[in-house]
Amino acid sequence: FFFMGAEKDHFGFEKLTRIVGIDKYYSGEDYGNKNHHDGNWGIFDHYFLEYTAQKLAEADTPFLATVFNISSHPPYTIPKEFEQNWPGQNRARKSISYADYAIRRFFEKIKQEAWYNNTVFVFVADHSVRSLIADDANAYNSFRIPLFFHEPGRGVADTLSFPVQQTDIVPSLLELLSYNESFTSFGTWISDTSKRYIYNRYGDNIQVFDDEWMLGFHPAIDKALYFYNYRKDPQLKINLLGAAEEAAVQRELEIRVKAFLQRYNGAMIKNGLMAD
């Protein structure tokens with residue numbers, strides 16, 4: 001299942017769901033009540049999540065469902081009846097509080113279902129919002145987003161102190177499901193405590209992070225442009241590119257980002273992103 005309160009093929013999601021084999025797509029058009037539309041994106045969260053809960057209650061188990069909520073996003077529109085709630089918060093933070101309220105209502109409904117305690121829930125943002133970052137947004141803090149797993153049947157709480165990324169979600173879920181077939185992923189399972197490397201794109205640069213350092217590499221000119229200790233210097237004020245005392249770390253990260261690009265580009269050219 002894929003649920004999103006916008007129009008049917010917003011962001012091309014309907015095409016994507018067909019490609020990856022998702023059977024059912026529910027959109028704001030399927031919801032059918034235009035009076036609950038926010039005037040910009042689609043159906044307000046608390047209405048559409050209630051609709052989602054109803055559809056999941058009818059589903060055969062086991063199932064995979066993805067819900068893409070829309071309200072905690074510019075222009076941060078919330079229903080008029082909630083505008084006086086959460087006094088003291090600005091428009092953006094009110095939209096987040098409203099989304100939290102909608103998700104809480106959703107969980108109050110689904111926790112009565114027989115499948116609830118046997119389900120793994122993954123919460124993740126698709127991107128950060130730079131305007132909401134307290135300090136000046138930069139190549140490091142622009143990529144800090146919430147990501148957590150919720151397993152109602154386990155009752156285990158833990159906080160990770162090492163970096164993870166969105167591509168870690170699939171291998172982590174497959175590990176939890178004891179999946180032992182081959183698959184392709186650019187991430188790793190979150191229970192793996194060996195040294196990790198995170199990749200993202202910032203402008204024209206591909207960035208690689210370990211648990212202390214980050215390097216920005218420009219593929220078009222085949223050159224690293226910056227190298228920071230983001231733990232000690234989160235505002236990225238001191239570019240240590242070429243610093244002799246950290247040359248080994250810089251070289252390792254540069255090799256890793258080149259290998260990452262080579263693997264990805266080669267797979268795209270040869271259609272090699274699917275496991276054999």
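Predicted model: local features only at pLDDT ≥ 70, side-chain atom pairs only at ≥ 80, totals over all residues.
Residues are numbered from 1 along each chain as its sequence is written, and side-chain values use heavy atoms, without hydrogens and water.

**Figure 1. The largest cavity has a volume of about 40 Å³.** A cavity is a set of points, on a 1 Å grid over the protein atoms alone, where a 1.4 Å probe fits but cannot get out; lining residues have an atom within 4 Å of a point. Grid points are joined across faces, edges and corners, and the volume is the space filled by probe spheres set on the points. The lining consists of G5, I43, D45, F48, L49, V67, F68, N69 and I70. Two or more of these residues come from each of α3 (45-57) and β3 (66-68), with α3 giving the most, three residues. Helices (H or I, at least four residues) and strands (E, at least two) are DSSP runs, numbered from the N terminus.

**Figure 2. The second largest cavity holds about 30 Å³ of space.** H46, L49, E50, A102, R105, F106 and K109 form its lining. The helix α4 (91-110) gives the most, with four residues.

**Figure 3. Two cis peptide bonds.** The bond from T61 to P62 is cis, with omega near 0°; P62 is in the loop between α3 and β3. A cis bond also joins P74 and P75, with omega about 10°, and P75 lies in the loop between β3 and α4.

**Figure 4. F11 and D222 have positive phi.** Phi of F11 is near 60°, and this residue is in the loop between β1 (2-4) and α1 (13-20). F11 counts as exposed because its relative accessibility is 52% (buried is under 20% relative accessible area, exposed over 50%, partly exposed in between; 1.4 Å probe, protein chains only). D222 has a phi of about 55° and lies in the loop between β8 (213-218) and β9 (223-229). At 49% relative accessible area, D222 is partly exposed.

How values were computed:
1 Å grid on protein atoms, 1.4 Å probe; cavity = no way out; pocket = protein on both sides within 12 Å on 5 of 7 lines; lining within 4 Å.
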